[in-house]
Amino acid sequence: MHPLERTILRALARHADPATPVVAACSGGADSTALAALLAAAQARGAIGPVVLAHLDHGVRGPTAAAADRAAVEALGHRLGVRVVCGRADAPAERARHGRGSLEAACRRVRYAFLADVARDVGAAVVCTGHTADDQAETVLLRALRGAGLHGLAGMPRRRRLAAGGPWLLRPLLQVERAALRAYLAALDLPWVEDPTNADPAFLRNRLRAAVLPGLRRDVNPRVDDALVRLAATARQAARDLGRAARALLRAAALPGPLPGSLLDEAGWDLAALAAAPPAVRALALRRVARRACPD
């Protein structure tokens with residue numbers, strides 16, 4: 001068994017079973033093509049249920065390029081013997097409706113909504129994406145440069161819910177370098193589509209990938225990507241510990257009984273207990289109270 005196939009099996013062990021479909025986001029690029037091939041190998045071993053490739057035209061590229069992407073994913077599905085579901089969205093219109101944020105953020109919103117819809121339609125409890133260690137390093141660096149705190153520096157989680165009570169979103173390749181996936185595809189003689197938008201300098205992430213990270217590797221640390229991935233793991237563990245401490249503080253400081261007219265279950269808070277807590281724990285605890293009181 002190829003080491004990457006073992007990686008996929010370990011990542012899915014807690015979430016997938018041979019009776020339930022697994023949805024895989026597939027753009028036709030190298031990372032998602034490798035993910036599709038690895039999941040198809042797991043399906044062939046009987047470790048997971050039927051694989052469904054979900055391909056979305058975000059409405060960003062022209063019709064000719066979008067049709068070529070769709071054809072490439074459909075050809076991949078045919079070769080791997082797995083089902084393909086295609087859809088179309090209008091990310092620029094979504095950005096305009098939202099009134100703020102980048103086109104990249106709009107693309108993410110429509111993409112995850114599409115993946116959730118496909119998972120519901122096919123009865124899947126798991127949706128996988130092909131995010132890699134390279135993506136994680138880029139994400140952490142981008143967030144650090146924008147002034148992110150601990151939770152931002154934690155980067156992308158390996159798993160999260162797509163929606164409350166919805167399917168799990170898994171990133172089973174988050175510790176795998178992009179180069180390893182391309183080597184895997186070369187060994188299988190599997191082609192992929194190169195998306196020219198990945199080199200468009202209009203997108204900040206692409207500028208980081210093309211100029212900033214290579215400069216850091218050359219001038220600061222040749223393994224800066226590994227350092228950023230380790231930073232994400234350290235920050236994520238610290239955020240978990242901080243969250244546990246904040247929950248414990250709220251339990252200890254809560255005064256029993258609901259406050260009349262409040263959405264909260266507590267009558268109030270012991271200010272002395274809150275004041276005695278470490279500032280970071282107290283700040284997170286108060287943010288959680290505020291979110292519960294004003295969820296919007």
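My entries on helix packing and rings follow.

**Ground rules.** This is a predicted model, so I took local features only at pLDDT of at least 70 and side-chain atom pairs only at pLDDT 80 or more, while totals for chains, interfaces and linings use all residues. Residues count from 1 along each chain as its sequence is written, and side-chain values use heavy atoms, without hydrogens and water.

**Helices α1 and α2.** I started with α1 (residues 3-12), whose axis comes within 9 Å of that of α2 and crosses it at roughly 75 degrees. That makes α1 roughly perpendicular to α2 (65 to 115 degrees; under 35 is roughly parallel, over 145 roughly antiparallel, the rest oblique). Helices here are DSSP runs of H or I with at least four residues, numbered from the N terminus. Axes are lines fitted to C-alpha atoms over the stretch in contact, with angles from 0 to 180 degrees between N-to-C directions. From α1, Leu4, Glu5, Ile8, Leu9 and Leu12 make the contact with Leu35, Leu38, Leu39, Ala41 and Ala42 of α2 (contact means heavy atoms within 4.5 Å).

**Helices α2 and α8.** Next I checked α2 (residues 30-44) against α8 (residues 178-188): their axes are 9 Å apart, at an angle of about 60 degrees. The two are therefore oblique to each other. On the α2 side I found Ala30, Asp31, Thr33, Ala34, Ala37 and Leu38; on the α8 side, Arg178, Leu181, Arg182, Tyr184, Leu185 and Leu188.

**Helices α9 and α10.** Then I looked at α9 (residues 204-219) and α10 (residues 224-253), whose axes come within 9 Å and cross at roughly 105 degrees. That makes α9 roughly perpendicular to α10. Leu213, Leu216 and Arg217 in α9 meet Val224, Asp225 and Leu228 in α10.

**Rings.** Which arginines sit over Tyr112? I noted Arg160 over the ring face, 5.0 Å from the ring centre, and the charged end of Arg111 over the ring of Tyr112 at 5.8 Å from its centre. The test is NZ of Lys or CZ of Arg within 6 Å of the ring centre and within 35 degrees of the ring normal.
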